[in-house]
Amino acid sequence: MTSTRSIPAFLALAIVLAGTSCKSSSAPAIVASPTNDYRTGEVVWRELVTPDPKAAASFYSALLGWSITPVEGSERGYMLIKQNGQPIGGIMQMPATLRNAGGEWVCSLSVSDVDGVARSVKDHGGSVLVEPVDIAGRGRSAAVRDNLGAPFALLHAASGDPARVQATDNGWLWSELWSNNVASSLDFYASALGAKVERKRDGDREYTLLKAGDKDVAGVVKNPVDNVRSHWVNYVRVADPAAMVEKAASLGARVVLKPTAAVRKGTLGVVLDPTGAPIALQQWPLR
């Protein structure tokens, strides 16, 4: 796969979060009802930072059947995404000054000590884009970059994390770091966040897992896209990836990877949504 897109949305994420860092800022909780339980080290929330939230909402609603509604009184027109009545993510407006930047889905990792992990990120070669801040309704959060520039967020949610459930069709399945230096990325996430590393076979190639305790957290693979920094890619489980890629294209997406037998037995498609954010469409389990 080739692209010249630089995916600069971490700048927008920093500006968005910095703009909501005052005491009066708020954001919706990541759970419908408090759980007071935490999945430390796991991806528990995903937000799309995009130059065109309305276009993005229209696309994902049509493609995946997600319910996407504006949050009254929120900063920058925040939209809450629900699937089957449960919150699964959000959409944020990219500042007008970056309106030509492509969108990006940003993962939030659950941590017990946002301030301590943010310091650890800096100590191990990453950077903090927005220092830890309390956001009413959401919890304590910080925006960071890993040592190769991939943005993500740290979150200790005020109401607890969503329960771990098996992915359903059109719901989140997985998160994967597409790294320009896998060994360096593994060292960073192990050192800065305490993730465990497990290597296994995925067909004819080696696949690396990040783990929190005995739980699989995410995958790490060599970035297959030329001239693009390391970045996180989020996966949605779909019943028919070929049909979903075709549908996504009809809704204005750019196809990056059509399902092919050479890649995960034809179970995976990758598209850029109409606002430029990459999203992976994966049949699961593999055929």
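This is a short tour of a predicted model, stop by stop.

**Stop 1: the sheet**

Start with strands E1 to E8. Together these eight strands make an open sheet with mixed pairing. Trace the order across the sheet: E2-E3-E4-E1-E5-E8-E7-E6. Now select 67-70, which is strand E2, and 127-135, which is strand E6. Both stand at the edges. Each has a single partner strand, so one side of each is left without a neighbour in the sheet. On average, neighbouring strands are turned by 25° against each other, direction ignored.

**Stop 2: E1 beside E4**

Select residues 43-50 and 86-93. These are strands E1 and E4, and they run parallel. How many bridges join E1 to E4? There are four. Show side chains for Val49 and Met92. Val49 stands opposite Met92, which belongs to E4.

**Stop 3**

**Stop 4: H2 against H5**

Select residues 53-64 for H2 and 241-250 for H5. The two axes come within 10 Å of each other. They cross at roughly 150°, and the crossing is right-handed. Which residues of H2 meet H5? They are Phe59, Ala62, Leu63 and Leu64. From H5, the partners are Met244, Lys247 and Ala248. Colour this contact by class: six residues are nonpolar, none is polar and one is charged.

**Stop 5: Ser108 in E5**

Go back to the sheet and pick Ser108, in strand E5. Is Ser108 buried or exposed? Ser108 is buried, because its relative accessible area is 4%, under the 20% limit for that class. Show its surroundings. Leaving out residues up to four places away in sequence, Ser108 touches Glu42, Val43, Val44, Trp45, Ala153 and Leu155. Now draw a distance to Gly41. The two C-alpha atoms are separated by 9.6 Å, though the residues are 67 apart along the chain.

**Stop 6: Ser120 in H3**

Select 114-123 to bring up helix H3, then pick Ser120 within it. Ser120 has 15% relative accessibility and therefore counts as buried. Residues up to four places away in sequence aside, Ser120 touches Ser191 and Ala192.

**Stop 7: two positive phi values**

Move to Asn84, in the loop between E3 and E4. Its phi is near 55°, a positive value in a residue other than glycine. Asn84 is exposed, because its relative accessible area is 69%, over the 50% limit.

Next, pick Arg264. Look for it in the loop between strand E14 (254-257) and strand E15 (268-272). Arg264 is not a glycine either, yet its phi is positive, at about 50°. Where Asn84 is exposed, Arg264 is buried, with a relative accessible area of 15%.

**Stop 8: a cis peptide bond**

Finish at Trp284 and Pro285. Display the backbone of the pair. The peptide bond from Trp284 to Pro285 is cis, and its omega is near 0°. For orientation, select strand E16 (278-282): Pro285 is found in the segment after this strand.

Terms used: Residues are numbered from 1 along each chain as its sequence is written. This is a predicted model: local features need pLDDT of at least 70, side-chain atom pairs count only at pLDDT 80 or more; totals for chains, interfaces and linings use all residues. Side-chain values use heavy atoms; hydrogens and water are left out. Axes are lines fitted to C-alpha atoms, for helices over the stretch in contact, and angles run from 0 to 180 degrees between N-to-C directions. A crossing is left-handed if the near helix is turned anticlockwise from the far one by less than a right angle, and right-handed if clockwise. Contact means heavy atoms within 4.5 Å. Ala, Val, Leu, Ile, Met, Phe, Trp, Tyr, Cys and Pro count as nonpolar, Asp, Glu, Lys and Arg as charged, and the others, Gly among them, as polar. Buried means under 20% relative accessible area, exposed over 50%, partly exposed in between (1.4 Å probe, protein chains only). Two strands pair if DSSP finds at least two bridges between them.
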